[in-house]
Amino acid sequence: MSPAPPADRLWNRARLGAAAAFVLCAFLLGFRSPGLSRDEAVGLTGAVRMLTPGQASFAHDPASGFTFAGRWWPLMATPDRGPLRGYLSLLPFAAYGANYSTVRLLAALLGAFGIWGFSILTRDLFGPRTAVAVSWILAVHPACLALTLYRGGVGEWMVSFGLLSIALAQYLKDPGERTALWLGVAAGFGVWTRVDFVWLPASAAAAGALALGKRILIPRRHAAVLAAGALLGAAPL
C-alpha cells in the first residue's frame, strides 16, 4: 500500500489534533469539579466490585452479573446500562486509585475516541476538510464537553458512537458479510452499553430510507449477518 499524500497526512493530523484538543479542554474544565454526581458514580460500581474480593457489598440484582474467582463480574450496571465504564476503569483505578480525577480523565478519553471515530465516517462520506471542521466543532463545544464529563453514560455512548461510525465506514468502503457482521456487532454493543443508543442507528436508518429510498437496501444475506451481529453484540443485555 502506497503512503498517503502529504495533504492527506496533514488532514489526518488535524483530526487527531481535534481529539487531543477535546482531552485538553476536558482537563481544564473537568478537574475543577469537586466530585462525582450520582449518575457518574453508578456506572463505576462495577469497577469497585471487581477490585474487591468476595461478595459485592452493593445492593444488586443477582442476574446482573456472575461470580468468578471470588470476584463479582457485572453484565449490567443498571437495567438500561452496561458496565463498560466499570471495565474500562479497572486498570486506571488499580494504578491510580478510585478518585474523581481518574474518572474524568477516562471520560475525556472516551469522548475523544468518539470524535475520532466519527471523523473517519465523515471523512469517507464528505471529505477530509469537512471531517476536520466537524471534529473541531465537537472538540470545543461546551455541551459536548460537559455532557461527556459530568453525565454518566454519555462517555459510553461516545465509545459506541465512534465504533459504529468506524464500522459503517468500513462497510461502505468494502460491502461484504464480514464488514456487515462487524457493523451489526458495533450496533448491538452500543445498545448493550446504553439501551437508548438504539435510537441512533434506528433514526439513521429512517433518515436514509426517507432520503435514499430503495438505494439504502442491502443484500438480504448482508442484512441477515448484520442482524446476527447485532444480537451477538447485545447478548449480555
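1. Surface first. This is a predicted model, and the protein exposes about 12800 Å². Carbon and sulfur atoms supply 71% of that area. As for what lies inside, 40% of the 237 residues count as buried.

2. On overall size, the radius of gyration is 19 Å. A compact globule of 237 residues would come out near 18 Å, so the value for the protein agrees with that expectation. If you want the outline, the C-alpha atoms fill a box of roughly 55 × 40 × 35 Å along the principal axes.

3. Now the fold inventory: 11 helices and 2 strands.

4. Contacts next. Take the pairs with a separation of 6 or more: 70% of these contacts in the protein are between residues 24 or more positions apart.

5. Helix α5 is worth a look. It covers residues 100-126, and its 27 residues should span 39 Å at 1.5 Å a residue. The end C-alpha atoms of α5 are 38 Å apart, which agrees, so the helix has the length its residue count predicts. Just after α5 comes glycine 127, with a positive phi of about 105°.

6. Last, the charges. The protein carries 20 positive and 10 negative ones.

Key:
Residues numbered from 1 in each chain as written. Predicted model: local features only at pLDDT ≥ 70, side-chain atom pairs only at ≥ 80, totals over all residues. Heavy atoms only, no water. Helix = DSSP H or I, 4+ residues; strand = E, 2+ residues; numbered from the N terminus. Rg over C-alpha atoms; globule rule 2.2 N^0.38 Å. Buried < 20%, exposed > 50% of the residue type's maximum accessible area, 1.4 Å probe, protein only. Contact = heavy atoms within 4.5 Å. Areas by Shrake-Rupley, 256 points an atom, 1.4 Å probe, with all protein chains shown as cover. Lys, Arg positive; Asp, Glu negative; His and termini not counted. Charge placed at Lys NZ, Arg CZ, Asp CG, Glu CD. Expected span 1.5 Å × (residues − 1).
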